[in-house]
Amino acid sequence: MTLEATAPGADYGSSASSSSFYAAMRILPRDQREAMFQIYSFCRQVDDIADSDGPRDARLAALQQWRNDIDALYQGNPPPRLKDYVASVKTFGLKREDFIAIVDGMEMDVPQDIRAPDMATLDLYCDRVASAVGRLSVRVFGLPEEDGILLAYHLGRALQLTNILRDIDEDAGLGRLYLPREALLHAGITSNDPNRVIAERALSKVCLPLAQRAKAHFEKSDEIMNRNRRRAVRAPRIMSKYYHSILDLLIARGFTAPREPVRVSKITRILILLRYAFI
């Protein structure tokens, strides 16, 4: 599962993405930082269930137990693994439905591997695994309600679409294909077999429009962050700039096989932190 978590939305399995998350979170005050690490830990644990190679029915049961535990948390009877969440839920007004949406998003990969979903299903997936994380995060960051929800919507989708484009080959190795069916058919690709699709010469005709969609979401999220307090958007700004850099590298590299992995240079990461962390 290519999953974008925190700010809004992180890729829980990627060391590079995790390092960008930790860098963004370290600049927060202690109570905000602790809440964000709790959100990250929750996402990481349910993501690990969805991505495990265990029996599908066992994974579905484990995800349902997380739903039950979230319900217990909000009913005032938190299970041991969620006891530390009580203060953050109360302090920042974290919503039960956003935690549940994240579990629902993880579950979309479990009954069967996602392969060439239609655009509506892909957007729902992005909302659950990325924008729902964002909706939790912006409450911690202290953004106004309306702009916070809008930022979660746009930045979550921008980050998740970037992940999908970055991880095409890795996801195919897991039997998954997140590229939308309509775009594949428009490019003349009729197969939904991940390994066949990623070898198609016309793949760029699928990926470039998706990259432009991600860019549009980045632009919208920049507009929202520009009109809010700089300190309230420091962490999401760092994540945004980091992932926008990944997207630019992907576009410059192209999507025709063979595809070399892209990495944001250490100097670029340092410059992003220097520019946006110390405000």
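This is a predicted model: local features need pLDDT of at least 70, side-chain atom pairs count only at pLDDT 80 or more; totals for chains, interfaces and linings use all residues.
Visitor: What is the relative accessibility of Arg 96, and how does this residue count?
Guide: Arg 96 has 35% relative accessibility, so this residue counts as partly exposed.

Visitor: Which residue forms a salt bridge with Arg 96?
Guide: The partner is Asp 71. The closest N and O atoms are 2.6 Å apart. Now check where the two residues sit. Arg 96 is in helix H5, while Asp 71 is in helix H3 (residues 56-74). They are 25 residues apart, and the pair links distant parts of the chain. Asp 71 is partly exposed too, at 22% relative accessibility.

Visitor: How many residues apart are Arg 30 and Glu 34, and in which helix?
Guide: They are four residues apart in helix H2 (residues 30-51), which means about one helical turn separates them. Arg 30 is exposed, with a relative accessible area of 60%. Glu 34 counts as partly exposed, at 38%.

Visitor: What about Asp 167 and Arg 166: buried or exposed?
Guide: Buried means under 20% relative accessible area. Asp 167 has 5%, so this residue counts as buried. Arg 166 has 18%, so Arg 166 is buried as well. The two form a salt bridge, with their closest N and O atoms 2.9 Å apart.

Visitor: How many salt bridges does the structure hold?
Guide: The structure holds 20. Some link up into a network. Asp 51, Arg 56, Asp 109, Asp 113 and Arg 176 are joined in this way.

Visitor: How many positive and negative side chains are there in the chain?
Guide: There are 39 positive and 36 negative ones. The centres of the two sets lie 6 Å apart.

Visitor: How many helices and strands does the chain have?
Guide: Count 13 helices and zero strands.

Visitor: What radius of gyration does the chain have, and what would a compact globule have?
Guide: Compare the chain with the globule rule. A compact globule of 279 residues would have a radius near 19 Å. The chain has 18 Å, which agrees. Its C-alpha atoms fill a box of roughly 50 × 45 × 30 Å along the principal axes.

Visitor: What share of the residues is buried, and what is the accessible surface?
Guide: Of the 279 residues, 56% count as buried. The accessible surface comes to about 12,400 Å². Carbon and sulfur atoms account for 51% of that surface.

Visitor: Which two residues does a cis peptide bond join?
Guide: Read the omega angle. Ala 257 and Pro 258 are joined by a cis bond, with omega about -5 degrees. Pro 258 is in the loop between helix H12 (234-253) and helix H13 (266-276).

Visitor: What is the phi of Ala 116?
Guide: The value is positive, about 50 degrees, although Ala 116 is not a glycine. Ala 116 sits in the loop between helix H5 (96-107) and helix H6 (119-141). With a relative accessible area of 4%, Ala 116 is buried.

Visitor: Which residues does His 244 touch?
Guide: Set aside residues up to four places away in sequence. Then His 244 touches Lys 215 and Phe 218. His 244 is in helix H12. At 17% relative accessibility, His 244 counts as buried.

Technical notes:
Residues are numbered from 1 along each chain as its sequence is written. Side-chain values use heavy atoms; hydrogens and water are left out. Helices (H or I, at least four residues) and strands (E, at least two) are DSSP runs, numbered from the N terminus. The radius of gyration is taken over C-alpha atoms; the globule rule is 2.2 Å times the number of residues to the power 0.38. Buried means under 20% relative accessible area, exposed over 50%, partly exposed in between (1.4 Å probe, protein chains only). Accessible areas come from the Shrake-Rupley method with a 1.4 Å probe; for residues, only the protein chains shown count as cover. Lys and Arg count as positive and Asp and Glu as negative; His and the chain ends are not counted. The place of a charge is taken as NZ of Lys, CZ of Arg, CG of Asp or CD of Glu. Contact means heavy atoms within 4.5 Å. A salt bridge is a side-chain nitrogen of Lys or Arg within 4 Å of a carboxyl oxygen of Asp or Glu.
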